[in-house]
Amino acid sequence: MSLHAKMASESVFHAAVRTIFTNWTALQLAIQHGMGGPYAREKERWLADAAVQYFHDNDLQPDEVEEFINDILNNEFDTIADDGSVEEISRKLCQFHRWCQEGHESLVLENLPKSCTTRTGTNSSQCVTEQMQNLSLEHTTNDAPTESTPDSETPLEEGWTVVRRSKNR
């Protein structure tokens, strides 16, 4: 592989890593809720750079990438993602890296998330808000009780309360 092709491949992989982290709902929610402190966005960019460097320096398997991401989420964002997203992202990153190494950058670009963060002028917090609204609408239509007051709070187990969104926003 020529130097120019290698640089293009690394650039595509780096862009793919940034896109994946920008579109990762768990990470974006952690940042939006103040996890990671006042420099959380900088940490997000650092995470992408660190992941790219980790791939560059090592021949990685998805479980190694998963451990790497989990450690950073825990240490830098005070977050544990137990929704299966870390495993999914780890597999996707390994696949994208392999495609880039094989010279199949077009496959990477075709398989990047086509969510709102990749549109011009839309930032990741707007995307997360849209995803949250869509999720909220799905749960409202499927799981909402037939009769409830908009501001009602329903006690569940000890220490937990379900708070429903007010319709007067």
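At 41% relative accessibility, E42 counts as partly exposed, a class that lies between buried (under 20% relative accessible area) and exposed (over 50%), judged with a 1.4 Å probe and protein chains only. The model is a predicted one, in which local features need pLDDT of at least 70 and side-chain atom pairs count only at pLDDT 80 or more, while totals for chains, interfaces and linings use all residues. Residues are numbered from 1 along each chain as its sequence is written, and side-chain values use heavy atoms, with hydrogens and water left out.

E42 is joined to R45 by a salt bridge in which the closest N and O atoms are 3.8 Å apart; the term stands for a side-chain nitrogen of Lys or Arg within 4 Å of a carboxyl oxygen of Asp or Glu. Both residues belong to helix α3, where they sit 3 residues apart, about one turn of the helix, helices being DSSP runs (H or I, at least four residues) numbered from the N terminus. R45, with a relative accessible area of 46%, is partly exposed.

The structure holds 3 salt bridges. Another of them pairs R41 with E44, whose closest N and O atoms are 2.9 Å apart, and these two residues also lie in helix α3, 3 residues apart, about one turn of the helix. R41 is partly exposed at 25% relative accessibility, whereas E44, at 8%, counts as buried.

A further salt bridge brings together the side chains of E76 and K43, at 3.6 Å from N to O. This pair links distant parts of the chain, since E76 is in helix α4 and K43 in helix α3, 33 residues apart. E76 is partly exposed, with a relative accessible area of 29%, and K43 is partly exposed as well, with 22%.

Between α3 (40–57) and α4 (62–77) runs a loop that contains D59, a residue that is exposed, with a relative accessible area of 71%. On the surface, D59 gathers with D63, E64, E67 and D71 in a patch of negative charge; such patches are made of residues with over 30% relative accessible area and no salt bridge, like charges being joined within 9 Å and nonpolar side chains (Val, Leu, Ile, Met, Phe, Trp, Tyr) within 5 Å.

Helix α5 (residues 85–101) contains H97, which counts as buried at 14% relative accessibility. Leaving aside its neighbours within four places in sequence, H97 is in contact (heavy atoms within 4.5 Å) with F13 and F55.

Conventions
Areas by Shrake-Rupley, 256 points an atom, 1.4 Å probe, with all protein chains shown as cover. Lys, Arg positive; Asp, Glu negative; His and termini not counted. Charge placed at Lys NZ, Arg CZ, Asp CG, Glu CD.
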